[in-house]
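Dear colleague,

I am passing on the structure we spoke about, and below it you will find my notes on what turned up in it. Please read them with the model open beside you.

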Amino acid sequence: ITSLMDNYTIYFGHVLANSFYPVLQRAIGVGSAFEGWSPREEDVVFQVLIPMAPPRGHSFHLELESAEQRQVRNFRVRVQLECTCTGEQQGEDMLCFLHSPEEELKSNQDPSLLNTLCTGSYLDVQKTARWFYQLVKAIWPALPQSHNWQLVLLPPRRSCEFKVTNGRQSFRIKMLFGVRRGDSHIFVSSQPREAYTQSTTWPETYAVAETEFFKYIARQAPRDSMHLKCLRFFTRLPVGLCFSTYAMKTLVMHLLNITAMSMWRRRYLRDRLEDIIYCLQLCLHAKRLNHFVVGNRRLPRHIQVPSDVQTAAIPNLFHHLAQQ
């Protein structure tokens, strides 16, 4: 999957080199498949997040939407045209969108991002997903994987989802896209958080930060560490119950963050399983499970989060229990 996405990134660069579409950067694997604990391997979905940067003559500005629901932080990506008459871009084969005559722009230059993937001044998730769909479909025949694998694209909504199969094996891949918040591991992405999410709404995602945490744990873990087996075991249990797979993952991440990795060796398996059960019991009684990233000041130092995320009110993943 990593090889396939790297090949796509190379061709994205070639195809979009002189365009005014978003600049697509190397895909980042996120979620259970890349963290090593997929609960049901037979129907695993490989999720990748593709960071987008603004094209020439454009800039992105993230605007936090009204935070009436504290459980979800939604943003809009405002696209702004920038002057290219002077500075580093002077002399490039490009007209300035702000100061060149409109007729000259229409005749000699492709339309700006505002006129292709935006609704008003804001980047539109659904338009971007349809563009991704066409891009993935058009590039596929040029990839080396196309000689032995077949591509099956699923209808685009807020992501580009497809399967590759060779008759014996089949892999399902979900390509999300997003914009990085500064230099941090936090993005706003196309992944919906609610039953209905407006097309110009980009929810904040912590998937990259969480994957970085699992990489950090893997570097610390002894060879016979059982932490992933514990997580896989407990994420198979909640089916039909009132807490989600993500809640179980969050609970185990909290324990991993405060327990020495030497205590996750095989001989301590029973103790760690009992710890997880005990912590779940406490959280259910309190009707509270703190989010692992938002408001957590005990994250490993190399995981970078914006200051407003670090100091925000901590969302309660068991808020639905508190409401019942």
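**Aromatic rings**

Trp 131 is buried, with a relative accessible area of 11%, where buried means under 20% relative accessible area, exposed means over 50%, and partly exposed lies in between, with a 1.4 Å probe and protein chains only. Before going further, please note that this is a predicted model, in which local features need pLDDT of at least 70 and side-chain atom pairs count only at pLDDT 80 or more, while totals for chains, interfaces and linings use all residues. Residues are numbered from 1 along each chain as its sequence is written, and side-chain values use heavy atoms, with hydrogens and water left out.

A search of the whole structure gives 15 aromatic pairs, a pair being two rings of Phe, Tyr or Trp (its six-membered ring) whose centres lie within 6.5 Å, counted as stacked when the planes are under 30 degrees apart, as edge-to-face when they are over 60, and as tilted otherwise. The rings of Tyr 8 and Phe 12 are stacked, because their centres are 5.5 Å apart and their planes stand at 25°. Both residues belong to helix H1 (residues 2-15), where they are four residues apart, about one turn of the helix; helices (H or I, at least four residues) and strands (E, at least two) are DSSP runs, numbered from the N terminus. Tyr 8 is buried at 0% relative accessibility, and Phe 12 is buried at 2%. The rings of Trp 131 and Phe 132, by contrast, form an edge-to-face pair, with centres 5.4 Å apart and planes at 80°, and Phe 132 is buried with a relative accessible area of 0%.

**Largest pocket**

The largest pocket has a volume of about 1,100 Å³. On a 1 Å grid over the protein atoms alone, a pocket is an open set of points where a 1.4 Å probe fits, with protein on both sides within 12 Å along at least five of seven lines, and lining residues have an atom within 4 Å of a point; grid points are joined across faces, edges and corners, and the volume is the space filled by probe spheres set on the points. Of the 40 lining residues, the closest to the centre are Gln 191, Arg 193, Glu 210, Tyr 246 and Lys 249. Helix H2 (32-35), strand S3 (45-53), helix H5 (207-220), helix H7 (245-258) and helix H10 (319-323) each give two or more residues to the lining, and H7 gives the most, with four. The lining draws at least three residues from each of domain 1 (1-205) and domain 2 (221-323), with bounds that come from an automatic or database domain assignment.

**Loop residues**

Lys 287, in the loop between helix H8 (269-286) and helix H9 (307-310), has a positive phi of about 55° although it is not a glycine, and Lys 287 is partly exposed, with a relative accessible area of 37%. Pro 141, in the loop between helix H4 (125-139) and strand S8 (150-153), is exposed at 56% relative accessibility. Thr 84 lies in the loop between strand S5 (74-81) and helix H3 (102-108) and is buried at 6% relative accessibility; its C-alpha atom is 7.8 Å from that of Phe 97, which is 13 residues away in sequence.

With best wishes
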